[in-house]
Amino acid sequence: MPIDNPYYSAGVHGDFELADIGDLVLEEGATLRGCQLAYQTLGTLNAAKDNAVLIPTWYSGNHSVMRETYVGPGRAIDPAEHFVVLVNQIGSGLGTSPHNLAGPYGRARFPRVRIGDDVVAQERLLREVLGVEELALVFGGSMGAQQTYEWAVRFPDRVKRAAPLAGTARIYQHCVIWAQTLVDALTSDPGYAGGWYREPADVRGGLQRHAGLFALHVLSNEFWTGEHWRGLGFSSPEDFVIGFLEAYFAPMDPGDLLAQAWKWQHGDVSRHTGGDLAAALGRITARTVVMPISTDKFFPPEDCAAEQELIPGSAFRVIEDVHGHASLFGLSPSYLEQVDDALRKLLEAPA
């Protein structure tokens with residue numbers, strides 16, 4: 001039986017719509033029948049239908065955090081100028097996900113979904129539901145960057161500009177191993193019960209350990225040694241871990257997180273070219289700016305730079321910030337100013 005989880009609702013994340021995109025045949029062989037994507041649109045598609053901006057989501061994230069952090073009046077991505085489509089990935093908790101899927105593929109039996117499956121589903125949503133054939137920009141952070149790369153490689157003639165933020169086109173082994181610790185933290189909790197728990201609280205210990213692992217890796221060393229948690233309103237490192245990270249993950253469904261973790265671990269655009277990453281990234285025709293975060297442990301600038309060199313005509317812009325991968329939450333005004341500046345210049349440049 002599906003789990004009723006109020007966290008995955010408009011009351012928490014704001015308005016969104018559900019689109020039934022039909023049966024989605026997955027790369028791993030299963031079929032998600034009646035697959036639903038959860039999305040929100042802001043602004044209006046213009047008469048030329050050339051102002052659409054697609055923003056996918058990261059691990060554990062939903063459209064709300066992307067909307068609140070990166071979209072708004074006077075921002076680079078402004079609904080007054082752009083038709084903004086914020087789309088939740090499969091398994092995010094909104095739309096088709098392990099915890100809410102009835103039938104044989106529900107909960108612990110949820111099939112393996114790849115980044116490519118998300119992008120195929122999103123393309124169907126844009127074309128069949130929203131009437132969008134061309135994207136002025138695809139912009140996403142972390143797993144959203146993985147989806148950005150997938151879009152630019154799979155549909156090069158549909159993407160005019162691409163801005164992968166704090167993410168890579170191919171997952172690297174250090175990240176695969178680290179993500180496995182997240183999987184192990186959740187599945188080793190006795191309350192996980194092989195995936196047949198009744199509610200997230202049954203896996204409370206696993207979710208707490210999962211948050212603790214994020215404390216280790218999602219923040220930079222300088223964040224801790226410089227006591228930057230004080231500037232975020234916390235009184236101690238422990239207060240930050242409990243009040244920010246544990247509070248963030250506690251209401252989430254463990255099975256949904258596991259589905260996303262597997263997808264994260266297997267992201268690789270080079271599967272389109274027999275493992276040749278240079279050939280895959282060489283397919284990109286979009287005007288592209290690659291944006292790593294200076295203190296990111298997940299996707300360090302050197303990994304991003306090596307990929308950027310393989311993308312024809314691309315640019316490289318390091319976003320300087322002390323918060324590591326957690327900078328994605330927009331924890332400092334200077335971070336947001338740098339991202340907006342990069343996006344504004346990209347959007348103003350001819351595609």
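Domain bounds here come from an automatic or database domain assignment. Start by colouring domain 1 (17–171 + 267–348) and domain 2 (175–260) separately. This is a predicted model, in which local features need pLDDT of at least 70 and side-chain atom pairs count only at pLDDT 80 or more, while totals for chains, interfaces and linings use all residues. Residues are numbered from 1 along each chain as its sequence is written, and side-chain values use heavy atoms, with hydrogens and water left out.

Next, look at the two domains together: their C-alpha centres are 23 Å apart. Select the contact (heavy atoms within 4.5 Å) and you pick up 29 residues from domain 1 and 30 residues from domain 2. About 2500 Å² is buried between them, 65% of it from carbon and sulfur atoms; buried area is the accessible area (1.4 Å probe) that two parts lose on being put together, summed over both.
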